[in-house]
Amino acid sequence: MQLLRSLVLTLAGAGILWYLLWTRPPGPGPVVDARLKPALIDWMEDMRDLGLDVKWRYGRLDWILVESSGHLAGHSDPGSGTLMVSEQALSQGPWTAKAVLYHELGHYIFGLNHTDEISIMYRENLPEDYYRENWPELLNDYLTQCKDNGHELKFR
């Protein structure tokens, strides 16, 4: 009986904690590594132009950082409110860094999954030249995915 009571209290406490963490108003937005700010500004403008209000989810991010060690081009961790772009991706050039940042924001903000087709959400990095030469098409495909998966976000 005491075990059952402990289990119920633990589950109730976890539920209350989850509710408090995920229903709190968003903060002002993340602390952003200066090297990623130009790409982030582009992303924000693209979201605004698409008519998506991403403030609620974006405000839950605490950090957008460059990671010096890591085997991934980037990753996002909703639990800690952190989004990372690798130093290696950044060193490949500005288009690769931008694509990785957009990719990780796609996961974090819209819940996008990897694709098997060549796209910003492709599971592997593409060459810098490919991103630069094909950015308009890649961006158009990405924005379509964001809009399709952003149905609960406010459209202006």
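Here is a short tour of a predicted model, stop by stop. Local features need pLDDT of at least 70 and side-chain atom pairs 80 or more, while totals for chains, interfaces and linings use all residues. Residues count from 1 along each chain as its sequence is written, and side-chain values use heavy atoms, leaving out hydrogens and water.

**Stop 1: the core.** Select Trp43, Met47, Tyr58, Ile64, Leu105, Phe110 and Tyr142: they have the most contacts inside the largest nonpolar core, which has 36 residues. Such a core is a set of buried Ala, Val, Leu, Ile, Met, Phe, Trp, Tyr and Cys residues joined through side-chain atoms within 4.5 Å; buried means under 20% relative accessible area, exposed over 50%, partly exposed in between (1.4 Å probe, protein chains only). Now colour helix H5 (94-110), which gives the most to this core, with nine residues. In general, nonpolar side chains tend to be buried together in soluble globular proteins.

**Stop 2: Met47.** Click on Met47 and look beyond its neighbours within four places in sequence: you'll find contacts (heavy atoms within 4.5 Å) with Leu52, Val54, Phe110, Tyr142, Leu143 and Cys146.

**Stop 3: Asp46.** Staying in helix H2 (residues 37-50), pick Asp46. How far away is the nearest side chain of opposite charge? That side chain is Lys98, 5.6 Å away, and Asp46 is buried with no salt bridge (a side-chain nitrogen of Lys or Arg within 4 Å of a carboxyl oxygen of Asp or Glu). Asp46 also touches Tyr102, Leu139 and Leu143, leaving out residues up to four places away in sequence.

**Stop 4: Val8.** Finish in helix H1 (residues 2-23) with Val8, which is partly exposed at 48% relative accessible area.

Terms used:
Helix = DSSP H or I, 4+ residues; strand = E, 2+ residues; numbered from the N terminus. Lys, Arg positive; Asp, Glu negative; His and termini not counted.
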